[in-house]
Amino acid sequence: MRYIEPHAHMVSRITDDYRDMLASGCAAVCEPAFWAGFDRSSPQGFYDYFCQLTDYEPKRAWKFGLPHFCWLCINPKEAEDVKLAEEVVALIPQFLGRANVLGIGEIGLNKNSRNELRVLELHLDLAARHNQMILVHTPHLEDKLKGTKLILEVVKADKRINPERVIIDHVEGHTVKLVLDAGFWAGMTLYPETKCMAARAVDILECYGAERLWLNSACDWGQSVPLAVPYAALEMRRRGHGPEFVDRVIYGNPLRFLSQSPRFKLSDG
Ligand SMILES: [Zn+2]
């Protein structure tokens, strides 16, 4: 089995997780910028985090020969303070030239507030000005449908942005069709106990096909499973899907989307 982990918050995981991922067939890991489990007190805290994502973390992964990539932003959970967000967004361009940076993410909405929307627009403008790909976080369950609709409206309104270079992540059964019909890619996050567990993710693949969908673990400092993607592959096999289908979902699709960035290179070429 081979797979790409397109969404994992490795700064909060231990080095053994890199080893286990590689032993399970992981060919690359991608890390969107996110909340640290606490609110950072200043733009300097984000500066240090961006150094960690673009310097220290790729070195730690590479000890096992695993390529590590990242996405940069101030995440929606800390985007209520617009002045702080403006200062953090202003820090990002100096990092965009670093070797493992794929784009802007995970941006989006958390509580669907007016300030979060303003900061989402700031990020979309940053991505458009620098021709960056975009990874979008959608809110948790009770706010997900409304938040997803708002996000799609705002992204579609910016005509500089090509939907094929945008992935809307954490889709569920009631939001995936909206995202795909609008021409975007959709990411399914495999949660350990609730929401989109492996069986439900496979249901979604069976209903909507595997054209522009990927799977991720979104593992972070909370309860999460770094090997959720290969475990979901076992569920696909159990339900009778052949190796070509499984390979397409967990390897071919993320490879196709991520290869739109010239930075995204696997170590086997
Ligand atoms: Zn995430």
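**Helices, rings and buried residues**

Modeller: Helix H2 passes helix H3 in a right-handed crossing. This is a predicted model, where local features need pLDDT of at least 70, side-chain atom pairs count only at pLDDT 80 or more, and totals for chains, interfaces and linings use all residues. Residues are numbered from 1 along each chain as its sequence is written, and side-chain values use heavy atoms, leaving out hydrogens and water.

Biologist: Which residues of H2 and H3 meet?
Modeller: Contact means heavy atoms within 4.5 Å. Pro 43, Phe 46, Tyr 47 and Phe 50 in H2 meet Leu 84, Glu 87, Val 88 and Leu 91 in H3. By class, that contact has 7 nonpolar, no polar and 1 charged residues.

Biologist: Why is the pair of Tyr 47 and Phe 95 called edge-to-face?
Modeller: Rings of Phe, Tyr and Trp (its six-membered ring) pair if their centres lie within 6.5 Å; planes under 30 degrees apart are stacked, over 60 edge-to-face, and the rest tilted. The structure holds 8 aromatic pairs. For Tyr 47 and Phe 95, the centres are 5.3 Å apart and the planes 65° apart, so the pair is edge-to-face. The two residues are 48 apart in the chain, with Tyr 47 in H2 and Phe 95 in the loop between H3 and strand S4 (101–108).

Biologist: Are Tyr 47 and Phe 95 buried, or partly exposed?
Modeller: Buried means under 20% relative accessible area, exposed over 50%, and partly exposed in between (1.4 Å probe, protein chains only). Tyr 47 has 27%, so Tyr 47 is partly exposed. Phe 95 has 0%, so Phe 95 is buried.

Biologist: How do you know that Arg 40 sits over the ring of Tyr 49?
Modeller: The rule asks for NZ of Lys or CZ of Arg within 6 Å of the ring centre and within 35 degrees of the ring normal. The charged end of Arg 40 is 4.5 Å from the centre of the Tyr 49 ring, and Arg 40 also lies over the face of Phe 46, at 4.5 Å from the ring centre.

Biologist: Why is Ala 210 called buried?
Modeller: Its relative accessible area is 5%, so Ala 210 counts as buried. Ala 210 touches Leu 205, Phe 245, Arg 248, Val 249 and Asn 253, not counting residues up to four places away in sequence.

Notes
A crossing is left-handed if the near helix is turned anticlockwise from the far one by less than a right angle, and right-handed if clockwise. Helices (H or I, at least four residues) and strands (E, at least two) are DSSP runs, numbered from the N terminus. Ala, Val, Leu, Ile, Met, Phe, Trp, Tyr, Cys and Pro count as nonpolar, Asp, Glu, Lys and Arg as charged, and the others, Gly among them, as polar.
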